[in-house]
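Here is a short briefing to read alongside the model. Keep the 3D view open and look up each spot as you get to it.

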Amino acid sequence: MHGEPLSPQDIDITTPSVARMYDYLLGGEDNYDSDRKACEVLLTEVPSTRELALNNRLFLRRVVRYLAEERGIDQFIDHGSGLPTRDNVHEVAQRVHPEASVVYIDNDPIVLAHGRALLATNKHTAVVQADMRDTDHIFEHPQTRRLIDLSRPVAALFVSVLHCLPDEDDPAGLVRDVMRRLAPGSCLVICQLVSEHSHVRAFVTDFMHRTTHGNWGRVREEGEVRAYFQGLDIIDPPGLVEVSTWLPDNDLAPRQKTFEWKEWGGVGIVP
């Protein structure tokens with residue numbers, strides 16, 4: 001499934017990329033006109049999209065800090081990590097544990113190029129270009145084997161990525177496959193886009209599938225995401241929630257003015 005690594009020369013700037021669209025919504029500069037136009041359509045149809053993206057990034061920072069500080073975890077595998085921005089996983093974790101190890105996983109060649117440049121001087125981090133569905137390749141990769149000790153607790157992150165997988169790729173099965181490889185006390189951080197409105201689920205799913213030429217899965221419902229946590233002990237409080245309410249630092253996070261869709265999930269512990 002992983003095949004030959006792509007190079008930056010292989011980038012199709014005419015087809016929007018989920019990673020680059022996310023970068024645009026966060027105020028980044030590593031995106032193209034096609035990405036920006038796709039985001040503007042989403043912002044018209046689902047106007048809470050930018051606040052949702054910002055809150056999702058704040059959740060990632062909080063949850064990594066919590067896992068490092070409160071649970072003592074110093075190893076992280078970030079599936080579908082996206083483009084580097086401020087306060088990346090390794091930066092948050094290494095403030096708590098200076099030698100914390102982080103492996104970033106993404107299949108976007110721009111992520112690979114920017115990530116490797118950013119991490120070139122950080123020996124405790126690596127970027128692996130891989131399809132997150134290819135669990136064998138990821139866990140057997142030399143960089144993963146170098147940085148991750150599977151006999152100790154690991155945090156596996158699936159933050160805002162499982163909606164990129166269609167049902168036939170069995171995202172719940174992917175979570176179980178990763179879970180079975182991890183030591184007791186490991187944590188899985190899982191959230192994805194959900195909506196209780198069938199027309200929102202249908203519009204976004206169809207639009208993103210067409211726009212990204214099939215590199216998309218489905219906006220789901222809360223019950224479907226809850227099923228991802230089967231076999232895990234959910235950290236509760238706060239439980240499974242809209243992510244801006246997961247142990248918030250303060251009341252200053254960007255407020256979604258509407259909740260036609262939301263990022264929903266939490267953290268499960270491997271028993």
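His 213 is exposed, with a relative accessible area of 61%. Keep in mind that this is a predicted model.

- Some background first: most residues other than glycine have a negative phi, and most peptide bonds are trans.
- You'll find His 213 in the loop between H9 and helix H10 (222-227).
- Ser 160 also has a positive phi, near 60°, and it too is a residue other than glycine.
- Look for Ser 160 in the loop between S4 and H8.
- Is Ser 160 buried or exposed? Ser 160 counts as buried, because its relative accessible area is 15% and the cut-off for buried is under 20%.
- Now for the peptide bonds: Asp 236 and Pro 237 are joined by a cis one, with omega at about 5°.

**A helix tucked inside**

- How many of the 9 residues of helix H8 (residues 171-179) are buried? The count is 8, so H8 is largely enclosed by the rest of the structure.
- The buried ones are Pro 171, Ala 172, Gly 173, Leu 174, Val 175, Asp 177, Val 178 and Met 179.
- What do the buried residues of H8 pack against? Their partners are strand S1 (75-79), helix H6 (135-140), strand S4 (155-159) and strand S5 (187-194).

**Two helix pairs**

- Helix H2 (residues 33-45) and helix H9 (residues 198-211) have axes that come within 11 Å and cross at roughly 170°.
- Angles over 145 degrees count as roughly antiparallel, and therefore H2 and H9 are roughly antiparallel to each other.
- On the H2 side, the contact uses Ala 38, Val 41, Leu 42 and Glu 45, while H9 brings Phe 203, Val 204, Phe 207, Met 208 and Thr 211.
- Sorted by class, the residues in this contact of H2 with H9 are 7 nonpolar, 1 polar and 1 charged.
- Next up is helix H1 (residues 18-25), which packs with H3 at an angle of about 95°, their axes being 9 Å apart.
- An angle from 65 to 115 degrees counts as roughly perpendicular, and therefore that is how H1 and H3 are described.
- H1 makes this contact with Tyr 22, Tyr 24 and Leu 25, and H3 with Thr 49, Arg 50, Ala 53, Leu 54, Asn 56 and Arg 57.
- The contact of H1 with H3 divides into 5 nonpolar, 2 polar and 2 charged residues.

**Cavities**

- A search of the whole structure turns up 2 cavities of 30 Å³ or more.
- The largest cavity has a volume of about 110 Å³, and of the 16 residues lining it, Ser 81, Gly 82, Pro 84, Asn 88 and Tyr 104 are the closest to its centre.
- Which helices each supply at least two residues of that lining? They are helix H3 (49-70), helix H4 (89-96) and helix H5 (109-119).
- H5 gives the most to the lining of the largest cavity, with 4 residues.
- By class, the lining of the largest cavity is made up of 9 nonpolar, 5 polar and 2 charged residues.
- The second largest cavity comes in at about 40 Å³.
- Lining the second largest cavity are Ala 19, Tyr 22, Asp 23, Leu 26, Gly 82, Leu 83 and Thr 85, which split into 4 nonpolar, 2 polar and 1 charged.

- Asp 167 is in the loop between S4 and H8.
- With a relative accessible area of 42%, Asp 167 is partly exposed.
- Which residues does Asp 167 touch, leaving aside its neighbours within four places in sequence? Those contacts are Arg 218 and Arg 220.
- Asp 106 lies 61 residues from Asp 167 along the chain, and their C-alpha atoms are separated by 20 Å.

Notes
Residues are numbered from 1 along each chain as its sequence is written. This is a predicted model: local features need pLDDT of at least 70, side-chain atom pairs count only at pLDDT 80 or more; totals for chains, interfaces and linings use all residues. Side-chain values use heavy atoms; hydrogens and water are left out. Axes are lines fitted to C-alpha atoms, for helices over the stretch in contact, and angles run from 0 to 180 degrees between N-to-C directions. Angles under 35 degrees count as roughly parallel, over 145 as roughly antiparallel, 65 to 115 as roughly perpendicular and the rest as oblique. Contact means heavy atoms within 4.5 Å. Ala, Val, Leu, Ile, Met, Phe, Trp, Tyr, Cys and Pro count as nonpolar, Asp, Glu, Lys and Arg as charged, and the others, Gly among them, as polar. On a 1 Å grid over the protein atoms alone, a cavity is a set of points where a 1.4 Å probe fits but cannot get out, and a pocket is an open set with protein on both sides within 12 Å along at least five of seven lines; lining residues have an atom within 4 Å of a point. Grid points are joined across faces, edges and corners, and a volume is the space filled by probe spheres set on the points. Buried means under 20% relative accessible area, exposed over 50%, partly exposed in between (1.4 Å probe, protein chains only).
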